[in-house]
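Here are some notes for a first look at this structure. Please read them with the model open beside you.

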Amino acid sequence: MTQRVAILISGSGSNMVALAQSMQGDHPARPCLVLSNDPQAGGLAKAQAMGIPTAAVDHRAFKGDRAGFEAELLKPLLDAQPDLIALAGFMRVLSADFVRRFEGRMLNIHPSLLPKYKGLNTYARAIEAGDAEAGCTVHEVTAELDDGPILGQARVPVVSGDTPATLAARILPMEHQLYPLVLRRVASGQRGFTTLP
């Protein structure tokens, strides 16, 4: 049975596009919704152009009422009846109650080699630490931030003279390869760790 995938975004949606484009042909999943916390997110128009249903719930209208925001976020999400949820640049921290509702079915991509550098400013932190390599990680989402089981990683070298911007520019194309690879595996019932070939 084809898996239905809801993709949550906050910005341009480049990882969403990579995921959606991968879900074709013999892929075991199809996108059923692209949902954003920002009605102006550029990724919404991209999703619409690809024929994917979209919805937006503006978090700014809730002014610190996370429970209220999440209650509204759940409405289009539950209506779409997703089997899997892929966070793709979704920049809101979700509550433990929200995450538990989709336990084992929610994925995220994070721009570091977890467990290193949870949270923000990952590129700068890797450079400041003098790391020889950086990269990205796809993991299951749990109540703890950037802490769930790791399903895949891709690595890039940190080179002399790197800035957060140059390092980010080298990691992003790896994200666009890794996330679709892991999503396909999960939609096929495979949960083991993988890396890019």
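1. Start with a pair of helices. This is a predicted model, and in it H1 passes H6 in a right-handed crossing. H1 covers residues 14-22, and H6 covers residues 164-187. Their axes come within 9 Å and cross at roughly 40°. H1 is therefore oblique to H6, since an angle must be under 35 degrees to count as roughly parallel.

2. Which residues make the contact between H1 and H6? From H1 come Ser-14, Asn-15, Ala-18, Leu-19 and Ser-22. From H6 come Leu-172, Glu-175, His-176, Tyr-179, Pro-180 and Leu-183. By type, the residues of this contact divide into six nonpolar, four polar and one charged.

3. Next, look at His-27. It lies in the loop between H1 and S2. Is His-27 buried or exposed? It counts as buried, because its relative accessibility is 5% and the cut-off is under 20%. Setting aside neighbours within four places in sequence, His-27 is in contact with Ser-22 and Arg-184. Ser-22 also belongs to the H1 side of the contact with H6. Ser-95 is 68 residues from His-27 along the chain, and their C-alpha atoms are separated by 31 Å.

4. Arg-30 sits in strand S2, residues 29-36. This residue is partly exposed, as its relative accessible area is 31%; that value falls between the 20% and 50% limits. Not counting residues up to four places away in sequence, Arg-30 touches Thr-2, Gln-3, Arg-4, Val-5, Met-23, Gln-24 and Gly-25. Pro-157 is 127 residues from Arg-30 in sequence. From C-alpha to C-alpha, Arg-30 and Pro-157 are 33 Å apart in space.

5. Now turn to Thr-122. Its place is in helix H5, which spans residues 122-128. Thr-122 has a relative accessible area of 4%, so it is buried; the limit for that label is under 20%. Which residues does Thr-122 contact, leaving aside neighbours within four places in sequence? They are His-110, Pro-111, Ser-112 and Tyr-117.

6. Finally, the cysteines. How many disulfides does the structure hold? The count is zero. Cys-32 is buried, with a relative accessible area of 8%. Cys-136 is buried as well, with a value of 0%. Both labels follow because buried means under 20% relative accessible area.

Methods:
Residues are numbered from 1 along each chain as its sequence is written. This is a predicted model: local features need pLDDT of at least 70, side-chain atom pairs count only at pLDDT 80 or more; totals for chains, interfaces and linings use all residues. Side-chain values use heavy atoms; hydrogens and water are left out. Helices (H or I, at least four residues) and strands (E, at least two) are DSSP runs, numbered from the N terminus. Buried means under 20% relative accessible area, exposed over 50%, partly exposed in between (1.4 Å probe, protein chains only). Contact means heavy atoms within 4.5 Å. Axes are lines fitted to C-alpha atoms, for helices over the stretch in contact, and angles run from 0 to 180 degrees between N-to-C directions. Angles under 35 degrees count as roughly parallel, over 145 as roughly antiparallel, 65 to 115 as roughly perpendicular and the rest as oblique. A crossing is left-handed if the near helix is turned anticlockwise from the far one by less than a right angle, and right-handed if clockwise. Ala, Val, Leu, Ile, Met, Phe, Trp, Tyr, Cys and Pro count as nonpolar, Asp, Glu, Lys and Arg as charged, and the others, Gly among them, as polar. A disulfide is a pair of cysteine sulfur atoms within 2.5 Å.
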